[in-house]
Amino acid sequence: MKIEDVQVIVSSPTRNFVTLKIRTSDGVIGLGDATLNGRELAVASYLRDHIGPLLIARDPSQIEDTWNYLYKGAYWRRGPVTMAAIAAVDMALWDIKGKVAGLPVYQLLGGASREGCLAYTHATGADMPELIDSVHRQLELGYRAIRAQSGVPGLDGVYGIGRSDDVDYEPAGRGARPSEETWDTSAYLRHIPSVFEQLRNQFGHELPLLHDAHHRLTPQQAARLGKDLEPYDLFWLEDVTPAENPSALRLVRQHTTIPLAIGEVFNSIWDAELLLREQLIDFIRCAIVHAGGITHVRKIWSMAELYQVRTGSHGPSDVSPIGLAAALHMGLSAPNFGIQEHMRHQPLVDEVFRHAYRFDDGYLHPGDEPGLGISLDEELATRYPYECAYLPVAHLPDGTVHDW
Ligand code: GCO
Ligand code: MG
């Protein structure tokens with residue numbers, strides 16, 4: 001069997017997705033997610049112009065070899081564009097392997113280690129009453145773990161806070177330029193502990209609560225936030241400092257016992273290596289789509305397992321159902337699975353990407369269809385062409401561009 005055709009489909013059923021479709025000489029189709037929020041077309045071109053032609057006539061069963069061919073062969077390694085493109089190829093090849101074997105991918109990865117993957121979803125509110133309502137709604141939907149994000153007094157809008165409904169906070173809008181948000185770290189640090197105090201008073205101490213700081217703090221500020229949140233027993237505090245400086249977490253770790261999670265912008269095991277080896281984090285959050293696919297993330301997770309670090313895959317709505325399915329097959333089988341982020345897709349997205357995975361009573365299961373369990377309605381997808389959309393840019397009140 002050989003790879004006969006490689007197609008890149010860029011579509012925007014409510015938001016942009018880049019999808020790779022590989023067809024073999026036996027007519028088996030493999031799908032991969034290559035979506036890089038706000039930089040979608042760069043990955044599409046990498047796949048179309050540089051990777052697609054190299055895949056023709058290769059043996060689709062040689063997943064590891066193809067991964068190395070694309071990674072080492074290019075000379076220019078790593079980076080989100082390269083690694084999302086390689087990830088898409090990798091997912092599609094695992095999908096094909098599962099279909100050929102007649103097995104769901106989790107069976108190829110060693111079989112189920114649990115009955116389902118515990119999921120957390122987002123609750124957001126501009127103020128406390130809104131946030132409390134939002135938590136209630138998510139609990140009614142069946143979630144057993146909640147990431148809580150809140151508006152900050154004095155700031156107009158904060159990234160991650162829903163406008164009309166709490167699944168759809170981002171992108172802030174489509175357009176040729178990103179929107180701008182004003183950020184004030186002192187106001188945030190003063191406010192957030194009281195948010196979790198009120199959530200604990202309202203929902204008790206057993207509900208796992210998570211919070212995302214979106215890389216906006218210095219190590220000193222992160223240490224202070226961690227200490228201030230300790231009484232509220234968070235499941236994790238996410239992305240406290242900018243992700244490209246792993247040693248920043250040494251200082252944070254020295255000062256707080258709050259569990260730390262990081263990794264949604266990582267694209268290689270080398271981004272995680274020091275954090276794992278020095279046990280500076282408790283959860284590794286790489287997205288399968290942004291970190292080289294199943295083949296590479298499996299290595300990151302195996303290294304994490306050695307250091308008692310559990311997984312917490314990135315799963316917002318900009319990860320397509322294909323990327324989420326890949327995370328669920330890995331999550332169901334990995335010994336050190338921790339939790340899976342689940343930000344539901346809009347119904348139209350679920351129509352374009354029909355999926356075998358299901359959410360039931362707080363847990364996600366990848367389903368038992370052969371491969372990843374996703375089929376693409378290409379005709380429907382092409383009715384929604386790409387639209388330019390960016391993540392917002394954060395700046396301080398004086399206009400200085402800020403980390404996020
Ligand atoms: C999360 C994330 C997302 C990202 C988004 C960027 O934890 O879900 O931080 O909201 O910001 O995926 O594209
Ligand atoms: Mg995050």
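Trainee: How far apart are the C-alpha centres of domain 1 and domain 2?

Mentor: In this predicted model, those centres are 26 Å apart.

Trainee: Which residues make up each domain?

Mentor: The domain assignment puts 3-104 in domain 1 and 108-368 in domain 2. Their contact draws on 31 residues from domain 1 and 34 residues from domain 2.

Trainee: And what area is buried between them?

Mentor: About 2,700 Å², with 62% of that from carbon and sulfur atoms.

Trainee: Which residues of domain 1 lose the most area to domain 2?

Mentor: Arg 15, Trp 94 and Pro 104. Together they account for 23% of what the domain 1 side buries.

Trainee: Switching to charges. How many salt bridges are there between the two domains?

Mentor: The count is one.

Trainee: What about Lys 299 and Glu 64, how do their side chains meet?

Mentor: In a salt bridge, with N to O at 2.6 Å.

Trainee: How many residue pairs are in polar contact across the interface?

Mentor: The rule finds 12, counting pairs with both residues at pLDDT 80 or more.

Trainee: Back to the domain 1 side. Which elements give two or more residues to it?

Mentor: Two strands and two helices: S2 (17-24), S3 (29-33), H2 (63-73) and H3 (80-101).

Trainee: Which of them gives the most?

Mentor: H3, with 11 residues on the side that touches domain 2.

Definitions and conventions. Residues numbered from 1 in each chain as written. Chains lettered and ligands numbered in written order. Predicted model: local features only at pLDDT ≥ 70, side-chain atom pairs only at ≥ 80, totals over all residues. Heavy atoms only, no water. Domains from an automatic or database assignment. Contact = heavy atoms within 4.5 Å. Buried area = accessible area lost by both parts, 1.4 Å probe. Salt bridge = Lys/Arg side-chain N within 4 Å of Asp/Glu carboxyl O. Polar contact = N/O pair within 3.5 Å; in protein donor to acceptor, adjacent residues only side chain to side chain. Helix = DSSP H or I, 4+ residues; strand = E, 2+ residues; numbered from the N terminus.
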